[in-house]
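I opened the model to look up a few places along the chain. My entries follow, in the order I made them.

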Amino acid sequence: MHNSLVEKIAKARKEGSKKMVIKTWSRASTITPDAVGLSFAVHNGKKFVPLYVTENMVGHRYGEFAPTRQFGGHTPGDKKASAT
């Protein structure tokens, strides 16, 4: 986990404000137990995706909860998609 992210989590815990949103670009950082109950904004390459950390997320990476690709749907000329 990045040191800057650890400092931001410690600061949010000290203030005790659950409404504070922590912005992070560190998608590869692992969610630790001290981040449970805090709100994050994880950058997906274009925008920040809101994320509220729960106990089930501990051990996963922040990037897993902020998808980077968006499915635009099938084109009308796609024969396989229109057959189903």
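**Entry 1: a loop residue**

I started with H74, which lies in the loop between strand 3 (48-52) and helix 2 (79-83). Helices (H or I, at least four residues) and strands (E, at least two) are DSSP runs, numbered from the N terminus. This is a predicted model, in which local features need pLDDT of at least 70 and side-chain atom pairs count only at pLDDT 80 or more, while totals for chains, interfaces and linings use all residues. Residues are numbered from 1 along each chain as its sequence is written, and side-chain values use heavy atoms, with hydrogens and water left out.

Is H74 buried or exposed? I read a relative accessible area of 55%, so H74 is exposed. My cut-offs are under 20% relative accessible area for buried, over 50% for exposed, and partly exposed in between (1.4 Å probe, protein chains only). I also checked H74 against S4: they are 70 residues apart in sequence and 41 Å apart in space, C-alpha to C-alpha.

**Entry 2: helix 1**

Next I checked the length of helix 1 (residues 3-15). Its 13 residues should span 18 Å at 1.5 Å a residue, and the end C-alpha atoms are 18 Å apart, which agrees. The expected span is 1.5 Å times one less than the number of residues.

Which residues of helix 1 are buried? I found L5, I9 and A12. They lie on the same side of helix 1, because they cover an arc of only 65 degrees around the axis. That arc is taken from the directions from the helix axis to the C-beta atoms. An α-helix has 3.6 residues a turn, so residues three or four places apart point the same way.

The face turned away from the buried side carries the exposed N3, E7 and K14. Strand 1 (21-24) and strand 2 (39-43) are among what covers the buried residues of helix 1. After helix 1 comes G16, with a positive phi near 75 degrees.

**Entry 3: T24**

T24 sits in strand 1. It counts as buried, because its relative accessibility is 4%. Its side chain reaches the backbone nitrogen of S26 at 3.0 Å. Beyond neighbours within four places in sequence, T24 is in contact (heavy atoms within 4.5 Å) with L5, F40, A41, V42, H43 and F48.

**Entry 4: strands 2 and 3**

Strand 2 and strand 3 pair antiparallel over five bridges; pairing takes at least two bridges found by DSSP. F40 stands opposite L51 in strand 3.

Note on methods:
A polar contact is a pair of N or O atoms within 3.5 Å; within protein, one must be able to donate a hydrogen and the other to accept it, and residues adjacent in sequence count only if both atoms are side-chain atoms.
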